[in-house]
Amino acid sequence: MTTIRQRRVGKGTEVAEDQPSEEKNVKPDGKILSDHTGGKLWNILSVTVGGIVAISLGLLTSVYVATLHENDLWFSNIKEVEREISFRTECGLYYSYYKQMIQAASIQQGLHGLVYDNKTESVRTINILERMNVYQEVFLSILYRILPIQQYLEPVYFYIYTLFGLQAVYVIALYVTSWLLSGTWLSGLLAACWYITNRIDTTRVEFTIPLRENWALPFFAVQIAAITYLLRTHLQPVQERLTLTAIFIATFLFSLTWQFNQFMMLIQALALFILDCFDMVPTAKVTWLYIIQISGLLLVCVLQFFNSMILGSLLLSFNASVLIARIIQKNLKNGGLLNRLGKLVLHVLLVLCFTLLINKFIKKILNLESDEHIFKFLKAKFGFGATRDFDANLYLCEEAFGLLPLNTFSRLSDTLLFCIYVFVLFLMTVVAVIVAFRNLSGSNQVQLMEKMEECTITLKPDAAYNLIHTVLFGCLALSTMRMKYLWTSHMCVFASFGLCSTEIWKLTLKCIHLYTSRRTHVIKYSIPIITLLYISYKFWPGIMDELSELREFYDPDTVELMNWIKSNTPNTAVFAGSMQLLAGVKLCTGRTLTNHPHYEDKNLRERTKQIYQIYAKRSPEDVYRILRSFGTDYVILEDSICYERRHSRGCRLRDLLDIANGHIMDGLGENEPDLKPSLYPRFCEEIKKNLPSYTVHFTRVFQNKTFHVYKLAKHK
């Protein structure tokens, strides 16, 4: 087991940009007192200072997470094999392709090895560029080869520093989004500080560096910032075209670097659909965003050799359905309240039906089943029937795919983030409901709403988008803990925007009959500054303590295993075992695998279930036959899986296999009535007794406290 142990000694006030000012200091004759030249200079100064602060905070965040990574593992001091083992599970698999490209005789040979790969899945040749999102590793390896940096920087450092550098892009994008929404860079400063002080819940880049989301989320944040700017009013045509280009590039890069891009962008498309239905954003701009999503995803599809999972995505079907439904319902936004509501219900049903029909049709033509495990998981998770499906239960039993723990909110509340977020969210939701009702009411309700105008604020399109965005991604995070990083980072943006928003404070003060323009202006700046001082006072000492704590990587059993494999097995040997361990075997030794953690392929899922019979109650003859069918030469058994105690009964890997095989589970507790006792003992336990029925097929060639390696006999 991988552990971490203690290291041993000796080895100002800003002017809102592009926002209409609330009130102007005007003489009775209508002339503005402010000096326009002075105002422009002040704007330039404000933007310059805000930009410098944004870049500085981004760079500081990069240095911060890089230092934490170094202090946690003593990465600069440990051996190469230990560095590679520290890239756990799928992280190691992705990094192995970067290493493979670096070690290839030429770039062309490296690319050929990825397109015609026969080492990731034994007895199969697969296209890695089609199956996995590893173009970033390809690009980075080519960049490393052509830049004159080999003498000064090791490949692994070039890789991890790039990821840590992307954190600077991430923080700057969050900063800019908050600045655009509020009109003051003080809001961006607060958003960045919240992101850093809530690091446990906003990022995990320092210990899962190669994970796909760490590549993708910075580009997603840039896309959100660009969409926020696009939805502002009074943009010039040139500004609009440049912004659309930026959105397309960010969308493309986000889609290229993460296999779950289609699901995230589907939620984004749903947010745009809701806003468009209630007339909260310009329809023309929403249409462009739909087209950008489609074109970006299709371009990625081409680069991934027409990956069928992309073609069969719900996002493409949904966006196409919305555009088709618009053509059918040309007068969707005409009429009174009841008329509009009726048309809206019909429009939603039409889009839903078209989406399901188009998606079903595409999947039928392509015979697509790559993502069926996701829908099985969702069906079981939300209570639409129990399942014995091994793949669905594998996800259901992982904490990362469970509900968001309640202690998350207490941690976020310690920095005041969650409390302020809820306050801003409540006010903005009330305003959104009022604005939506007004937009749907049409001419019949205009006079009524004009009377209410004094107590309400206009919801700008950019704020409306970020409101719906945070609500939908909040629902996703609440239901699936692994997706919380999409929500908590945006939570920092949304809360800081609300705290620095003139409109929010104006509404609040009007509701308690204390509104004056001067009071609003004072509160808008004083409350964020007080919040920043509180955060600094409470969390700065903890950050300094964290940076001073020195530990080191310590996993001698895995290091011993990898060294043994490299020294005592042929380069062509095929290894079977758990997905997580085999990713490390490929990275550290270059041996061929039977299975791996990239689970988005039906054949691989079925193969993994078969390989995992080594932990089920099966006969040695059955297990031997299964392993040899995949060309296995060696099988690695892990005590941590065979005797697992991390999960409760019913969620241990051996329990999931027993249920899928129709066998009664081990231990005290209830079993479903149709489950039956197995005729055979558990393979991973019984093989260690060296009984003749096992030794005829399996010979133990290596063991330590954690791992047992058996060589398979080659019978005629």
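This is a predicted model: local features need pLDDT of at least 70, side-chain atom pairs count only at pLDDT 80 or more; totals for chains, interfaces and linings use all residues.

Me: What makes residues 502-511 a helix, and why is helix 24 called largely enclosed?

Reply: Helices here are DSSP runs of H or I with at least four residues (strands are runs of E with at least two), numbered from the N terminus. Helix 24 has 10 residues, and eight of those are buried, so the rest of the structure largely encloses it. Buried means under 20% relative accessible area, exposed means over 50%, and partly exposed is in between (1.4 Å probe, protein chains only). The buried residues are Thr502, Glu503, Ile504, Trp505, Lys506, Leu507, Thr508 and Leu509. Their cover includes helix 20 (417-441), helix 23 (484-499) and helix 25 (517-548), where contact means heavy atoms within 4.5 Å.

Me: How do you know that Cys397 and Cys651 form a disulfide?

Reply: Their sulfur atoms sit 2.1 Å apart, and a disulfide is a pair of cysteine sulfur atoms within 2.5 Å, so the pair qualifies. With -75 degrees about the S-S bond, the link of Cys397 and Cys651 is left-handed. The two cysteines are 254 residues apart: Cys397 is in the loop between helix 18 (390-396) and helix 19 (407-414), Cys651 in the loop between helix 30 (639-642) and helix 31 (653-661).

Me: Why does Cys397 count as buried, and what is Cys651 called?

Reply: Cys397 has 12% relative accessibility, which puts it in the buried class. Cys651 comes out at 22%, so it is partly exposed.

Me: How many disulfides does the whole structure hold?

Reply: Two, from a search of the whole structure. Besides the pair above, Cys642 is joined to Cys684, S to S 2.0 Å. The torsion about the S-S bond of Cys642 and Cys684 is about 80 degrees, so this disulfide is right-handed. Cys642 in helix 30 and Cys684 in helix 32 (residues 683-686) are 42 residues apart. Both Cys642 and Cys684 are buried. Taking the bonded cysteines in sequence order, the pairing reads 1-3, 2-4.

Me: What makes strand 6 and strand 7 a pair?

Reply: Two strands pair if DSSP finds at least two bridges between them. Strand 6 (residues 698-703) and strand 7 (residues 707-712) have five, in the antiparallel sense. Among the partners, Phe702 bridges to Val709, and Gln703 stands opposite His708.

Me: Why are strand 4 and strand 6 called edge strands?

Reply: The sheet is open and mixed, with five strands in the order 4-3-5-7-6. Strand 4 (592-593) and strand 6 each have a single partner strand, so one side of each lacks a neighbour in the sheet. Strand 3 (residues 574-576) runs parallel to strand 4 over two bridges, with Val574 partnered by Thr592. Strand 5 and strand 7 run antiparallel, joined by five bridges, and Val635 stands opposite Tyr710 there.

Me: What makes strand 7 mostly covered?

Reply: Five of its six residues are buried.

Me: Which residues put helix 10 in contact with helix 22?

Reply: From helix 10, Phe220, Ile224, Ile227 and Thr228 meet Asp462, Tyr465, Asn466, His469 and Phe473 of helix 22. Helix 10 (residues 212-230) packs on helix 22 (residues 461-479) at an angle of about 145 degrees, with the axes 9 Å apart. Axes are lines fitted to C-alpha atoms, for helices over the stretch in contact, and angles run from 0 to 180 degrees between N-to-C directions.

Note on methods:
Residues are numbered from 1 along each chain as its sequence is written. Side-chain values use heavy atoms; hydrogens and water are left out.
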